[in-house]
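Here are some notes for a colleague who is meeting this structure for the first time.

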Amino acid sequence: MKTLHKLSLTAAVAAVAAGTFAVADMPEEAAEPSITPRAMADALHLVMDSDRTVYTRKIVNRLAAKDKVITASEHYDDEKALVLPAQMFRYGSEMVAERAEEKPDVNFSYSLQSLWPVNKQNAPRTDAEKEGLQYVADHKGENYYTVETLGDIKYFTAVYPDVAVAPVCVSCHNEHKDSPKRDFEIGDVMGGVVIRIPMEG
Amino acid sequence: MATRNYPRLWALWIASTLIGVVILAKVLANGEDKRVFMPGPLSHGHHQIELACNACHVDAFGGGEVMEDACERCHGDQREKPLDSHPKAKFRDPRNADRIAKLNVMRCVTCHVEHQPEMLKGAGYTQPIDFCFHCHEDIAENRPTHAGLGFETCNSAGCHNYHNNRALYEDWLLRHQDEPDLLPVADRGLPGRDFGDVLDQLMDYPRKAYPVAALSLADADAPDAARSDAINRDWLETSHAAAGVNCSACHQPPGDDSEPGAWTDKPDHQACAGCHGAEVDGFTRGLHGMRQADAVGEVVKRPLERMTPADARLPMQPDAKHSALNCTSCHGAHRFDTAAASVDACLGCHADEHSIAYVGSPHHRLWQQEQAGELPAGSGVSCATCHMPRVEFEPNAWMERILVQHNQSATLRPNEKMIRPACQHCHGLGFSIDALADPALIANNFRGRPAVHIESIDMAKANEARAQAELQAELEAR
């Protein structure tokens, strides 16, 4: 596999490690390419998945399902409710896309998708997404890695299973009128996180 | 065949060409009015700044990016969530690369081409109107109610709006599905203005120079030459004196050093912006004040003449043609009478069919009754009730207040954007959707009932029934 753009890797790794894009007095070693695209995607996913799990369990499930002090709703603004975990994830992803545009050395994108999406725009579109989502649904606990070309740019693409981590995941998706699947259970793979990193060449 | 030369004609041709080139070059280099170079008229939303080519054409040698930057300088913050349901960020994801190749929605000018009025499909939009097809061609599979509907109808009144789909989403339609045409009296009325109540939370309010405490005539700090009995009385009787806003607060607007500037008899909109920044921002985003917009001024680098009714494309009152627009055009110093600004000011200039029909309309009668004290505050319907609605606004991250939206375009096109901030204060949702889809009813200023019916709510109900039936069937099957 071809090496990734050195700067994009180091900057993104620094971002993951330090949680910030500001790097002061960076030692020379930090500018050396020393991470594979897969390791970078795995690291990014670990952060995303942990934050997502914490929000779903500690905020939404605790306050909306257990303590019942607030609801969570797609129309959070009108209903003065919590944003849904999927919206939380998507807004973060869109903010990353927005902020990364100012930083040409940092280049990756990610999205939450499903074979059974409530919002049909989150169904897989590319071959890699279709195969990847099917793979992580069929092979519990495994990830899917591939390379694909989109708009003349070659990407390393990783697909990670997105698992029902709290009762609210299951109840909301099973009862949503636009949900194409209504028999999810806790621990089921409900979809996947797709991470893309552009490669040189 | 022998050819003949006509040396005099050649000389004349060359001379007239040279003269033409010189004249045009002079206009291009020094002229304020460069409209002779316009390839075609500008759209309804931009013709106000047609004397400022460089408001959009910032760099004569720049490509499409320069134009995009110009669009974003004025419209950028409207194109983000939650205001925009199709923000650029959504399309930056490489998974949408094939969609961008078909219709590059990353660029404003893909759908909003200027100087080509023959391409306009309304509201500055120039693509074929069935563009939703590119991404939503399978919509009927998920929304059986949409089967057979043409993609040219997505944008019909009460339905979908590419940039802001939030106005009338399905659950909103369902929540308001059974409302009567006119809401019960107890549920009607506008949100009250609350500027005075939230002053202490506004960080940039100049409370240090002008503490919020009532002033008397003895406190007034205007030079004698600038005073008159009428001015004194008007000031004393309004909120400005009551809230400690002295003469100098408006007439000596502070410079960059925050110190009071030189006295000016006629302060401009920037003086008002010291306290009413959000209102002024709305004014300069709308058709009335966009020539004074900071975003335009920054690149044009010369003050533009203020907009006058003579510059408008809508029919205007002939005797108002040359009154240049500023805050005081409608808010009349020093009374700043908001009731007059809500109707009289509008009708002083606007003379189109809808405006003229307002007088004597059911909305106008309610307004007169409110002004006469026969109905409670907020129950009359002025021009501003609908065109400059009172909306929830976040001046900062920690508070919300009611703002009079001074950008009248914000809710004008497509007109269903007006339903939530205006119509629904008094009317049921179904009635509102139908009324705004009936051009004849709009023209006569809502004298009568809608003659058309838009099926938005019917579709939402049908979809809800389908989903509930499916859910029930699955529960029983389990």
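How many residues lie between β1(B) and β2(B) in the hairpin that they form?

1. The model is a predicted one, and the question above can be settled on chain B, where β1(B) and β2(B) form a hairpin with two residues between them. The strands, β1 at residues 390-396 and β2 at residues 399-404 of chain B, pair in the antiparallel sense over five bridges, and within this pairing E392(B) stands opposite I402(B) of β2(B).

2. The largest nonpolar core contains 32 residues, and those with the most contacts inside it are A41(A), L44(A), Y110(A), V159(A), V193(A), I195(A) and I197(A). At least two residues of this core come from each of several elements of chain A, including α2 (37-66), α4 (85-100), β1 (109-113) and β3 (153-163), while its largest share, six residues, is supplied by β4(A).

3. For V159(A), once its neighbours within four places in sequence are left aside, the contacts are G132(A), L133(A), Y135(A), V136(A), N143(A), Y144(A), G192(A) and V194(A). There is also a second, separate core, which has 16 residues, among them L173(B), L429(B), A435(B) and L436(B).

4. Where the two chains meet, 21 residues of chain A are in contact with 18 residues of chain B. On the side of chain A that touches chain B, α4, β1 and β3 of chain A each supply at least two residues, and the largest share, four residues, comes from α4(A). The residues on this side of chain A divide into 11 charged, five polar and five nonpolar.

Definitions and conventions. Residues are numbered from 1 along each chain as its sequence is written. Chains are lettered from A and ligands numbered from 1 in the order in which they are written. This is a predicted model: local features need pLDDT of at least 70, side-chain atom pairs count only at pLDDT 80 or more; totals for chains, interfaces and linings use all residues. A nonpolar core is a set of buried Ala, Val, Leu, Ile, Met, Phe, Trp, Tyr and Cys residues joined through C-beta atoms within 7 Å. A residue is buried if 20 or more other C-beta atoms lie within 10 Å of its own, exposed if 12 or fewer, and partly exposed in between; C-beta atoms are placed from the backbone. Two residues are in contact if their C-beta atoms, placed from the backbone, lie within 7 Å. Ala, Val, Leu, Ile, Met, Phe, Trp, Tyr, Cys and Pro count as nonpolar, Asp, Glu, Lys and Arg as charged, and the others, Gly among them, as polar. Two strands pair if DSSP finds at least two bridges between them.
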